[in-house]
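Have a look at it first.

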Amino acid sequence: MNSQGLSMLSLCPDWCWQYCDEQDRLLLQLSNSHHIQTAFSAKELNVKPQQQSLCMEQAQLLMDFAEALEGLLPDSELLTVAARAVAALSFVKAPVQKSHLFNFSSIESRTDLMSIAKLEGLSRAKVLLVAKADPMVDCLLLEPMELLNGKELSAGQLVRVQQNRLMPVQFAPLYALTA
C-alpha cells in the first residue's frame, strides 16, 4: 500500500464502530469530524454498536481487504470499501439468497474471497466477494445496479447469490493474436 494508506491505517486504535440513529446507518468513526458510512441500516444488523472499538481482528481484515483491492480500485476508495466489507462480516445478518434476481453466468469466475467479480441483473455491477459458503457467496456491491425484477440496489449493499451468478470482471482472451 502507499505510505498515505498505511499511515491512515495506523490510526486504527482510535477508530470505533457507531450506529447512527439519525441516519439509520452503521458508521466507522475515524475522528470527531471524519467517518465512513455504510449502507447497513438497523434492520440488517445483528447488533447496533455504540463506540465499539475496532478490534485487532477487524483491523487486520481491514488491511487485508485494502491490500487485496490495491490496484483494482482507486486509492481514494480503498479504505471506504475495506471498512464496508469488514462491517458486513462483523455486524450484518446473513442476507437472504437472491440468485433468481441475477442472470446465470456461463463463464466461470474466480470466487476467491477479497476478489472482484460482476453480477448482472437489468444492469451490471462490480462486487467484492466478502464471504463464501459453497455454493453461495456474499457480495458487497461496489456500484448501484438494477435487478431482474426492476428493483434498484445501491452501492455498499450486501447480496447473497449462488457462485454461478458471478462473472469475471475481464474476459480472458480466448486465443492469442499472432503476427
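Let's start in the loop between β3 and β4, which is where Gln51 lies. Keep in mind that this is a predicted model. Gln51 has a phi near 55°, a positive value in a residue that isn't glycine. Most residues other than glycine have a negative phi. Is Gln51 buried or exposed? With a relative accessible area of 54%, Gln51 counts as exposed, because the cut-off for that word is over 50%.

Lys48 sits in the loop between β3 (35-37) and β4 (52-53) too. Its relative accessible area is 43%, so Lys48 is partly exposed. Setting aside neighbours within four places in sequence, Lys48 touches Tyr19, Asp21 and Ala42. Take Tyr19: it is 29 residues away from Lys48 in sequence, yet the two C-alpha atoms are 5.5 Å apart in space.

You'll find Met114 in the loop between α3 and β5 (116-120).

And where is there a cis peptide bond? Look between Asp134 and Pro135, where omega is about 5°. Pro135 belongs to the loop between β6 and β7 (136-141). Most peptide bonds, by contrast, are trans.

## The overall layout

Zooming out, the protein chain has 3 helices and 10 strands. Reading from the N terminus, the order of elements is α-β-β-β-β-α-α-β-β-β-β-β-β.

Of the 179 residues in the protein chain, 44% are buried.

## How α2 and α3 pack

Two packed helices are described by the angle between their axes and the distance between the axes. For helix α2 (residues 56-69) and helix α3 (residues 75-91), the angle is about 135° and the axes are 8 Å apart. The two helices are therefore oblique to each other, and α2 passes α3 in a right-handed crossing.

Which residues of α2 meet α3? They are Gln58, Leu61, Leu62, Phe65, Ala66 and Leu69. On the α3 side, the partners include Leu78, Leu79, Val81, Ala82, Val86, Leu89 and Phe91. The residues of this contact divide into 14 nonpolar, 2 polar and no charged.

In soluble globular proteins, nonpolar side chains tend to be buried together. Here the largest nonpolar core has 33 residues, and those with the most contacts inside it are Trp17, Leu28, Phe40, Leu62 and Leu128. The elements that supply two or more residues to this core are β1 (16-20), β2 (25-29), α2, α3 and β6 (124-133). Which element gives the most? That's α3, with 10 residues. A second, separate core has 16 residues, among them Phe102, Ala117, Leu129 and Met145.

Back in the largest core, Leu28 is worth a click. Leaving out neighbours within four places in sequence, Leu28 is in contact with Trp15, Cys16, Trp17, His35, Ile36, Leu54 and Ala83. Leu62 links the two topics: this residue is among those with the most contacts inside the largest core, and Leu62 is also one of the α2 residues that meet α3.

Note on methods
Residues numbered from 1 in each chain as written. Predicted model: local features only at pLDDT ≥ 70, side-chain atom pairs only at ≥ 80, totals over all residues. Heavy atoms only, no water. Axes fitted to C-alpha atoms, helices over the stretch in contact; angles between N-to-C directions. Helix = DSSP H or I, 4+ residues; strand = E, 2+ residues; numbered from the N terminus. Parallel < 35°, antiparallel > 145°, perpendicular 65-115°, else oblique. Left-handed = near helix turned anticlockwise from the far one by under 90°. Contact = heavy atoms within 4.5 Å. Nonpolar A, V, L, I, M, F, W, Y, C, P; charged D, E, K, R; others polar. Buried < 20%, exposed > 50% of the residue type's maximum accessible area, 1.4 Å probe, protein only. Core = buried A, V, L, I, M, F, W, Y, C linked by side-chain atoms within 4.5 Å.
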